[in-house]
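Dear colleague,

I am handing over the structure below, and my notes on it follow. Please read them alongside the coordinates.

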Amino acid sequence: EFRELQALSLLSAFIAHDLKNAVSMLSMLAENAKRHMAKPEFQVDAVRTLGEVTAKMRTLLAVLGSPGGPAGTQAQPIAVAQSVEGWIRGMSAQVPSRIHIETRMGWTGEVRVDPDQLRSVLHNLVLNSIEAIPAEGTILLETFQENSCAVLAVTDTGRGMMPEFIQRKLFRPFQTTKPRGLGVGLYQCRHIVQAFGGTLTAESQEGKGTRMVVKLPTEAGNAQSAER
């Protein structure tokens, strides 16, 4: 019974966290609309964002309708740099004007993942970076190849974190530095990345910022491992 209560508590936290992210998306969209609503490109991004939020809500309703069954995954080979470029363009309406987004999209081998889930990881990392930057700041997104892995890194100029928090609490559920945070976002992200054979790590320095690094095995790397 205790384990069932733990599982229910964690599921509730996951759902609450996803709802919080959806509200954040709409909140940033509404804030940006005050300045940019007349721009055609913003209108396109706004419609895309509303579609994404609607899709997230449908997924949450599906999970609530069958809480005993895990959400299905549809893994397929994707080009990381091309996918990230498209995803970040789709998020432009949600990024406050005080935040500057930079990209350095280097080539990587294809990785086999569920695109929607990897996109969710990127979305969480970018939202965390936005929330960590108190005023004006920069978020840098990079992709590059490292040995047999494709790397996606998100670096911000935010508040940063203490080494002790990173080592002991960062990727555990119900641990957060945010005043109103739920503390399950990075726990979810690491779980998703690990499900596809990858890793999610953090580097941070208080007062200077944080770098989150996703590493995923490439299709070519997996093939070479299988041959051995």
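**Salt bridges and their surroundings**

In a salt bridge (a side-chain nitrogen of Lys or Arg within 4 Å of a carboxyl oxygen of Asp or Glu), the side chains of E52 and R119 meet at 2.2 Å, N to O. This pair links distant parts of the chain, since E52 belongs to helix α2 and R119 to helix α4 (residues 115–132), 67 residues apart; helices (H or I, at least four residues) and strands (E, at least two) are DSSP runs numbered from the N terminus. With a relative accessibility of 13%, E52 counts as buried, whereas R119, at 27%, counts as partly exposed; buried means under 20% relative accessible area, exposed over 50%, and partly exposed in between, with a 1.4 Å probe and protein chains only.

Before going further, please note that this is a predicted model, in which local features need pLDDT of at least 70 and side-chain atom pairs count only at pLDDT 80 or more, while totals for chains, interfaces and linings use all residues. Residues are numbered from 1 along each chain as its sequence is written, and side-chain values use heavy atoms, with hydrogens and water left out.

By the rule above, the count comes to 7 salt bridges. Helix α2 (residues 40–65) also holds both R48 and D45, which lie 3 residues apart, about one turn of the helix, and these two form a salt bridge whose closest N and O atoms are 2.6 Å apart. In that pair R48 is partly exposed, at 35% relative accessibility, and D45 is buried, at 13%.

The side chains of E219 and R112 meet in a salt bridge as well, at 3.6 Å from N to O. Because E219 lies in helix α7 and R112 in strand β3 (residues 111–113), the pair ties together parts that are 107 residues apart in sequence. Both partners count as partly exposed, E219 at 27% relative accessibility and R112 at 40%.

Leaving aside residues up to four places away in sequence, L141 has contacts (heavy atoms within 4.5 Å) with residues including L122, V126, A153 and R104.

The protein chain has 7 helices and 7 strands, and of its 228 residues 40% count as buried. Among contacts between residues at least 6 apart in sequence, 74% join residues at least 24 apart.

**Confidence**

The protein chain averages a pLDDT (the predictor's confidence in each residue, from 0 to 100) of 81, and 78% of the residues score at least 70. Confidence is highest in strand β5 (residues 149–156), at a mean of 98, and lowest in helix α7 (residues 219–227), at 61. Over residues 67–72 the pLDDT stays under 50, and the model has 3 contacts for this stretch beyond four places in sequence. Residues 179–183 also have a pLDDT below 50, with 13 contacts in the model beyond near neighbours in sequence.

With best wishes
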